[in-house]
Amino acid sequence: MTDNILVLYGSYRSDRVGIRLANYLVASLRQRGDNAELIDAKDVGLPMLDRMYKEYPKGSAPSEMERLAAKIRGADAFVFVTGEYNWGMQPGLKNMTDHYLEEWFWRPAAIASYSGGRLSGAHAATAWHGTLSEMGMIVISSTLAVANISATLDADNKPIGSGGDALARAFPRFADDLAWWTEAAKQQRARKAPPY
């Protein structure tokens, strides 16, 4: 069964290395048969949050916000790919995510974090867990944590070195966990409408 999975990425930096992890995940999910799509906050280009999507009168939200709302509503699951800035979340990804609320409900989310150093973005991953739960998603227990990102994935998004080997070994469990929760959520939504 094909799942529609959005892979969300949020760095606005000019020399973005984390995009390699986002692209690797999209390609790897597609190889498993999923319909995975990259949503790059920099490309979407939403302004700093002033009004949430739901606060616009119906049909009056900016076109890029409307398009993304439809993609979120049509997704079966989400993967949030996050770097870490000063032990915290990347503001670009958080800003894009915060434009929506009900659109996220009742689907699973997975977190893949990275850093240029040895801590793998673990602080940001921890912060995202609570945030995504509060926004109505079920956060799966499996995570990917990639240290020394530029020594783990090359410019063509291919695993390299021992870090790349570790990522390739960890990905199947991560994807299997997400697939299990995605199937469970789809079946439950088909069986019974969400309570709100």
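Start by selecting aspartate 40: with a relative accessibility of 5%, this residue counts as buried (buried means under 20% relative accessible area, exposed over 50%, partly exposed in between, using a 1.4 Å probe and protein chains only). For a salt bridge, a side-chain nitrogen of Lys or Arg must be within 4 Å of a carboxyl oxygen of Asp or Glu. Aspartate 40 is in strand β2 (residues 35-40) and arginine 16 in the loop between β1 and α1, so this pair ties together parts 24 residues apart in sequence. Helices (H or I, at least four residues) and strands (E, at least two) are DSSP runs, numbered from the N terminus.

Before moving on, know that this is a predicted model, where local features need pLDDT of at least 70 and side-chain atom pairs count only at pLDDT 80 or more, while totals for chains, interfaces and linings use all residues. Residues are numbered from 1 along each chain as its sequence is written, and side-chain values use heavy atoms, with hydrogens and water left out.

Next stop: aspartate 3 and lysine 186. Their closest N and O atoms are 2.8 Å apart, making a salt bridge. The partners come from distant parts of the chain, with aspartate 3 in the segment before β1 (4-9) and lysine 186 in helix α6, 183 residues apart. Both aspartate 3 and lysine 186 are buried. Select Asp76 and Arg189 too, and you have a network with Asp3 and Lys186, joined by salt bridges that share partners. The whole count is 8 salt bridges.

Now for the rings. There are 13 aromatic pairs in the whole structure; rings of Phe, Tyr and Trp (its six-membered ring) pair if their centres lie within 6.5 Å, with planes under 30 degrees apart counted as stacked, over 60 as edge-to-face and the rest as tilted. Pick tyrosine 24 and phenylalanine 171, an edge-to-face pair at 6.0 Å centre to centre with 75° between the planes. Tyrosine 24 sits in helix α1 (residues 19-31) and phenylalanine 171 in helix α6 (residues 161-191).

Which residues do ring pairs link into a cluster? Select Tyr53, Phe78, Phe80, Tyr100, Trp104 and Trp128 to see them. Within that set, phenylalanine 80 is buried at 0% relative accessible area, and tryptophan 104 is buried at 1%.
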